[in-house]
Amino acid sequence: MRVQHLFTACIIAVGVPGAVLAQQPAPRTSGAYMNTSFVGLMDFGWSTEPDVGSLQLGDHDPRVRGFSIPNGELALDGTVDPYFKGFTNIVYKLDAQGETGVELEEMYFLTTSLPGNLQLKGGQFFAEFGRQNPQHPHAWAFADEPLVLHRMFGPEGLRSQGLRLSWLVPTSWYTEATVGVFNSAGGTTFSFRSDESAEIHGGAPDERDVRDPADLLVVPRVATSFDLSSTQTLLVGVSGAFGPNSSGPDARTQIYGTDLYWKWKSPRAHQGFPFVSFQAEGMTRRYTAGRRVSSENPNVTFSDEVLRDQGAYAQVVWGIKPLVVAGLRGEFATGSVAAFASPTRANRVRVSPNLTWYPTEFSKFRLQYNYDFRDGLGPDHSVWMQIEFLLGAHAAHKF
Amino acid sequence: MTTLTLRILATTAALAGLGAATPPARKLDVVATTPDLAALATAIGGDLVEVKALAKPTEDPHFVDAKPSHIVTLNRADVLIDGGAELELGWLPPLLESARNGKLAAGAPGRISVSQGIRLLEVPTTFDRSQGDVHALGNPHFLIDPVNVKVIAGQIADHFALVDPANAAVFKANLKTFNGALDAKEAGWQKQLEPYRGVKIVTYHNDFVYLAERFNLDVVETLEPKPGIAPSPAHLAKVIGTMKAQNARVILVQPFQNRKTAETVARQTDALVLDIAQQPGAIPNTGTYFDLMDYIVRTLATAFAEKK
């Protein structure tokens, strides 16, 4: 809670006539030096697959049969000075063995006053690729990460250290063009020079330093939006991610994506309800795998080849009445046949209905069923209950 | 440099200067977060401003979508008028962040956070969220009080004059006209409601305390047990008991609130459910602040007379 605001407000409120205050406006704003908030997320449930980690691939998904704590997120944000805002997200999580992990998920500055409708972001942050990748689990409509996001960006999403320049195009409707430039190595650049990319190509990762600018990861995006009526809004975008991968010295990856979000909200919305939204993303990846030695057997060498993967999800979310939401998501991910039979590239479909009840906007209970079908492994069924609480003034959501 | 060149430069500079002294008339682009603020901006700005409201008059102003079209609107604005006191906390910050318009930064002449001049009611001395969605800075639904409106109209005129000094006199004159009309109107509203001093009313959300204070009404219950918490059967039973015991026979409901709940309570208490709005335009023929207040006072007086 903002003690400082309360204090200021109390001082202002002590019996001073409004007319006097009008002549001597007292400072009273929503922005303190720093906002602090915390999101606590826990899951419990069961799956027919005993190795839950092989089924629930996201880092913030349920991890085991029984109870999981996949996300305790401390968020700090505020205005730095007349030129910058600052944001930090520190995530605490328990792995399948109950061990605590801590990561600096995001830490970035954002300019507030560049000319020409430009805006610069810098630090460690989620790449603005598609709709869900930059969102934190608190804003997701489902208890787990879509399959296609894992396929392309791995368990933690696509984020790295870099700079992003955005241009709000001076059109009469919303159009924003962004380009991000990032380091292409590290654990959160799954399809690029990640040290975990052996999961994709099966070879020992090519370890090297950055040779030239082409070794950086580039993520361009254009998004545009229209109000179809006073109650309906459409937001569409196309994104790309281009950079080197770790299967060989000259191996590269290209990912293309398109996303769509449509929302209807009642003109008489109470607490934002009722509403209906539709969200879909499709992605395709061309992964040039170099000639590489198997990471598991040094006597095996895989020849160079092109690995192709696609995937998409579509979800409908219906805010039935205040604080009650029903959702349905359908999704698939496929991968081409390759020399290394990667489990993470296997064909798979999943259907997930869910129901969410928010006692208030600061807490959440979500019940979700997943029907999974993995090629070669057959169907699996899972039921997850997700519980979330929120402390402090959590940052408001973007559309 | 030759004399001729100097002359040409001087002439060019003079022409440029002349152009700057008489710019083409462009209306101030004013954005208000809610229609009530937009109505005041129109009254003060008149023909010199183009006013747009972000929230619809019929929707809950705490929960407006941060639509991308609002980003474009804010990107082009000369002036932003917001209620402040955390009314728009859930949606305005991300819009401003994306709009990247320095003219609207906190403290800039183009930013009018109107709650800064208002004596807010119900500022909690201690609170946490077990009390519901209580606002740390006080109750933000203050625009329904004509005295507050007068303060805000003054703030708007002051800021308009800072942003567009050439027309400062016009804004001042518009303010004077508005205040004169407001004084006359308020005297009439007070007279209409004077016979009902102390009448007990019930509201859905805790959003009419300023109206009650100004016109000496007594809000004895809200249908929400706590701000932002949905009415429960147990709480409604308590409300019904209080209404019967204290002879409260009027329930005020805004367009976005659940009228059915109010009707259920009204049936058991022989009460009237009144459709009242805080936003001009939410109810037909209430496009200006005066239209809206005329409607509210008339509706209340009629209901109080009927249920007296």
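## Asp218(B) and Lys200(B)

Asp218(B) is partly exposed at 30% relative accessibility, as is Lys200(B) at 25%; the class lies between buried, under 20% relative accessible area, and exposed, over 50% (1.4 Å probe, protein chains only). In this predicted model, local features need pLDDT of at least 70 and side-chain atom pairs count only at pLDDT 80 or more, whereas totals for chains, interfaces and linings use all residues. Side-chain values use heavy atoms, with hydrogens and water left out.

The side chains of Asp218(B) and Lys200(B) form a salt bridge of 3.8 Å, N to O, the term denoting a side-chain nitrogen of Lys or Arg within 4 Å of a carboxyl oxygen of Asp or Glu. Asp218(B) belongs to strand 6 (residues 218–222) of chain B and Lys200(B) to strand 5, so the pair ties together parts 18 residues apart in sequence. Helices (H or I, at least four residues) and strands (E, at least two) are DSSP runs, numbered from the N terminus.

## Other salt bridges

Over all chains, the structure holds 43 salt bridges. One of them joins the side chains of Asp270(B) and Lys307(B) at 3.0 Å, N to O. Asp270(B) sits in the loop between helix 9 (259–269) and strand 8 (272–275) of chain B, and Lys307(B) in helix 10 (residues 289–307), 37 residues apart. Asp270(B) is partly exposed at 45%, whereas Lys307(B) is buried at 15%.

In chain A, a network of salt bridges links Asp59(A), Arg63(A), Lys93(A), Glu103(A), Glu156(A) and Arg159(A).

## His205(B)

His205(B) occupies the loop between strand 5 (200–203) and helix 7 (209–214) of chain B and is buried at 14% relative accessibility.

Note on methods
Residues numbered from 1 in each chain as written. Chains lettered and ligands numbered in written order.
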